[in-house]
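Subject: Structure for you to look at, with notes

Dear colleague,

Please find the structure we spoke about just below, followed by my notes on what turned up in it. I would be glad if you could read the notes with the model open beside you.

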Amino acid sequence: MRGLLAFFACAIAFAAASAQADDDLPARVGRIANVQGTLYHSPDDNAGEWSQIGQNYPVAQGDNLWVDRDGHAEVDYGGGQFRLAGDTNIHVSRLDERQLALFIASGRVIVRIRMLEAEDSVRVDTPITQVALTRPGLYRIDVDPDTGQTTLIVREGEADVATATVTAQVLPGQVAVLTGPGNVTADIRNGGGVDGFDTWSAARDRVYEQPRENAYVSREMVGQADLDSYGAWQTYSDYGAVWFPTVDSQWAPYRFGYWTWLPGWGYTWVDNAPWGYAPFHYGRWAYISGRWGWCPGAFVARPLWAPALVAWYGGGGGIHAGSYRGAVYGWVPLGWREPFVPWWQGCTSRCYARYNRPYAVDVAERPAGQPAHFANWRAPGGVTAVPAATLAGGRPVAINRMPVATNTAFAPTLSTTPPAVPPAPVRPGTLRPGSGAPMPAPGYAARLPVPSGSSAGRTATLPVAPSRGSALPPAGYAGRAPIRIDDGRDVLPPASARTNPPAPNVGSTTIRPIPVPRERSAVPVPPGLVERPRVAPLPAPSIERPARSVPNAPSAPVVPAERSLRPAPMRAPAALPAPVYLPPPFMPALPRVVPAQVPAPAAVALPPAVAPGERGPVRVAPVAPKPAERPN
C-alpha cells in the first residue's frame with residue numbers, strides 16, 4: 001500500500017508538471033452532432049451528477065457521456081466521429097488537436113477516423129485492454145459491463161490490441177475478442193456481422209461524405225457538414241466568403257440557445273439550430289445588406305475553437321433594461337477585424353494570433369484596454385441581454401431576453417471578459433448513481449477482480465491529467481478541480497522500441513512479431529466511400545503485403561522521443577483532488593504481431609499406379625526433328 005501511495009504521489013506531480021508545460025488550452029472541443037433518445041453528461045469537475053444534453057452541446061476532455069437504453073448519439077471531434085449505442089458509458093480521457101483517447105466502461109462504440117496525420121494518435125481503453133487505432137477507417141468496440149470482455153471489429157483501417165504477452169495487429173475484416181482480466185487473451189478471426197447500430201452509423205457517414213458546394217472551410221472544422229443544407233454562400237471583397245443562414249427576419253446570432261459552463265474556458269454558447277455549432281465557435285458575424293452573415297475568414301486546416309466569439313456588456317449596472325432592478329448581462333457578436341481576447345490565463349501570443357489572424361486582425365500587439373465600441377452594437381438584433389439567473393442557470397435566452405436601449409446617448413460598460421457570476425451548482429433534472437443512473441466510466445475500473453500478484457488488467461495511467469488552462473472560475477464558484485483519467489502519454493510505443501518474444505498462439509490464429517514499424521497514413525478517407533451493411537463474412541485478407549511507399553517520406557520512420565518516466569522535481573501539492581477514480585487499464589509495451597500465413601504446399605505430379613507383375617508405362621525419348629533440307 002505504501003508503494004501504491006508513492007506511485008500516485010509521483011504521478012500527480014508528473015501531471016502537474018505536464019500541466020505547467022502546456023500553456024494553451026486544447027485547440028479542439030467536440031460537439032454532440034446527433035442524438036436519438038436520451039443522452040446524459042457528467043463534467044470532469046462534478047463527476048457523478050448526470051444532466052441531460054442535446055445537439056450542439058460541447059464535449060471536451062474529461063467529460064463523461066451515457067446513452068440511456070435504446071438511444072444513439074454521435075460526437076464530431078474534427079478528425080472524425082465516435083458514436084454511442086444505447087446503455088453505453090464512456091469517458092473522454094483526451095481530446096485535443098493531436099490526440100483522442102476514450103475509455104469505454106460498457107456498451108458499444110463506433111469510431112470513424114477521417115484524418116490521421118503522422119503526429120496524431122487515437123486510442124480506446126477498456127477495463128481489460130488498450131486498442132490503438134493506427135489508420136483512418138471504421139472501427140467498432142463492444143465492452144461487456146460485467147466481465148469487461150472487449151470485441152473489436154475492424155471494418156476499415158488497422159488496429160493494435162494489447163494482450164498479456166504481445167500486441168497483436170487486427171486487419172480489415174477481422175474480429176478480435178479479448179477476455180480477462182488478469183492474463184488477457186485474444187482470439188482473432190475473420191468476419192463480423194452488422195446490426196441496427198451499424199446501419200445508423202452508415203447513414204451518419206453519408207452526411208459527412210456528401211459532396212460540398214464549396215471549400216471555404218476545412219473539413220476538420222467541427223460542425224461544417226451542416227452548413228450547405230441550411231444556408232448559402234456569397235463572396236465579398238471585404239470579407240471573403242460569407243455564409244447566410246436560412247432564417248426569419250427576427251433571427252439574430254447568439255440569441256436562440258443558452259449558456260453553459262465549461263471548466264477552463266468558462267461560459268460557452270449552445271445554439272438551438274441544427275447547424276448552430278461552427279458559426280458560433282469559429283469566425284465572425286457581420287450585418288450585410290439587411291441580413292446576418294457568418295464570415296469564416298481565411299482557410300485554416302485545423303481552426304482554433306472558442307467558447308463564444310462575443311463581447312460582453314454589463315456587470316456594473318451599465319445596461320438599461322426598462323424597470324428591471326436586478327443584475328443584467330448582455331453580449332454582442334464580434335464583427336470583422338475585431339479581436340477576440342481570451343479571458344483565461346495561459347493563452348500565449350501564438351494562441352492569440354490563431355484566434356485573430358484569419359479575420360484580418362492586426363495581431364502584432366494585443367489591445368491594452370477595453371475597446372470603445374463594437375461594430376454590431378447598433379445592428380438590428382445585435383445586442384442581447386438577460387438577467388443573471390438566466391445566464392448562470394443555463395436557461396433559454398430568447399424567452400428570458402430583456403429589452404435594451406441602443407440609442408446614441410447610451411454608453412454601456414464594455415468588456416472583453418464574461419461577467420463574474422458563478423454558474424448554478426446543479427442543473428434541474430440531475431441524476432445521481434443509484435437513482436437510475438450508472439456511476440461515471442472511471443469508476444468501472446475498480447469493479448473488475450484482479451488476480452493477486454498480477455499486473456495485467458491494470459494501468460500506470462496518471463489519475464490526474466493536465467487541467468484545461470489555469471483560468472479560475474468566477475468568484476464564489478465552488479467547483480472542484482478537474483479530475484481526469486490520463487494525460488495522453490499512455491500511447492503504445494513505436495514498434496522499434498518493443499521487444500520480440502517468441503510468437504505465441506492466440507485463439508486459432510498464429511501470430512508473429514514485426515520488427516519494422518509502419519508509418520501512419522496521412523491520406524483522408526475519400527468522399528463517397530460509405531460503409532454498406534454486409535451480412536456475409538468478409539473474405540480473409542492477404543497478410544503478406546509489399547512495403548508501402550510514402551511520397552517524400554524519410555529514409556527511416558521517425559520515432560518520437562521517449563518521454564522520461566522520472567517526474568520533474570516540484571513542490572508537493574497542498575491537497576489532492578478528491579475523489580480520485582481508479583484509472584483504466586494499461587498494458588505494457590509489447591511487440592507488434594500479425595497473424596501468420598502458412599503457404600499451401602506445392603502440388604506434386606505423381607506417376608500412375610502400376611499393379612504387381614505389370615510393366616509400367618514405357619517412356620520413349622523424344623526424337624529430335626530433322627533439319628530442313630536445303631534445296632538443290
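Arg 108 is partly exposed, with a relative accessible area of 27%, where buried stands for under 20% relative accessible area, exposed for over 50%, and partly exposed for what lies in between (1.4 Å probe, protein chains only). Its side chain forms a salt bridge with Asp 195, the closest N and O atoms being 3.6 Å apart; the term is used here for a side-chain nitrogen of Lys or Arg within 4 Å of a carboxyl oxygen of Asp or Glu. This pair links distant parts of the chain, since Arg 108 belongs to strand 9 while Asp 195 sits in the loop between strand 17 (185–190) and helix 2 (196–209), 87 residues apart. Helices (H or I, at least four residues) and strands (E, at least two) are DSSP runs, numbered from the N terminus. Asp 195, for its part, is partly exposed at a relative accessible area of 28%.

Before going on, please keep in mind that this is a predicted model, in which local features need pLDDT of at least 70 and side-chain atom pairs count only at pLDDT 80 or more, whereas totals for chains, interfaces and linings use all residues. Residues are numbered from 1 along each chain as its sequence is written, and side-chain values use heavy atoms, with hydrogens and water left out.

By the rule given above, the count comes to 26 salt bridges. One of them joins Glu 117 and Arg 98, with 2.9 Å from N to O; because Glu 117 lies in the loop between strand 9 (99–113) and strand 10 (121–125), and Arg 98 in the loop between strand 8 and strand 9, the pair ties together parts that are 19 residues apart in sequence. Glu 117 counts as partly exposed at 30% relative accessibility, and Arg 98 is likewise partly exposed, at 33%.

Another salt bridge connects Arg 114 with Glu 209, the closest N and O atoms being 3.2 Å apart. Arg 114 lies in the loop between strand 9 and strand 10 and Glu 209 in helix 2, so this pair ties together parts that are 95 residues apart in sequence. Arg 114 is buried, with a relative accessible area of 12%, and Glu 209 is buried as well, at 6%. Both residues belong to a network of salt bridges that also includes Glu 74, Arg 83, Arg 112, Glu 156, Arg 204 and Asp 205.

Ser 42, in strand 2 (residues 39–42), is buried, with a relative accessible area of 0%. Leaving aside neighbours within four places in sequence, Ser 42 is in contact (heavy atoms within 4.5 Å) with Ala 47, Gly 48, Glu 49, Trp 50, Asp 63 and Asn 64. A polar atom of the Ser 42 side chain lies 3.5 Å from the backbone oxygen of Glu 49. The C-alpha atoms of Ser 42 and Ala 441 are separated by 9.9 Å, although the two residues are 399 residues apart along the chain.

Lastly, there are two backbone angles to check. Most residues other than glycine have a negative phi. Asp 87, however, has a positive phi of about 55°; this residue lies in the loop between strand 7 (80–84) and strand 8 (88–95) and is partly exposed at 48% relative accessible area. Ala 360 also has a positive phi, of about 60°, and is found in the loop between helix 4 (349–356) and strand 26 (384–387), partly exposed with a relative accessible area of 33%.

Notes: Polar contact = N/O pair within 3.5 Å; in protein donor to acceptor, adjacent residues only side chain to side chain.
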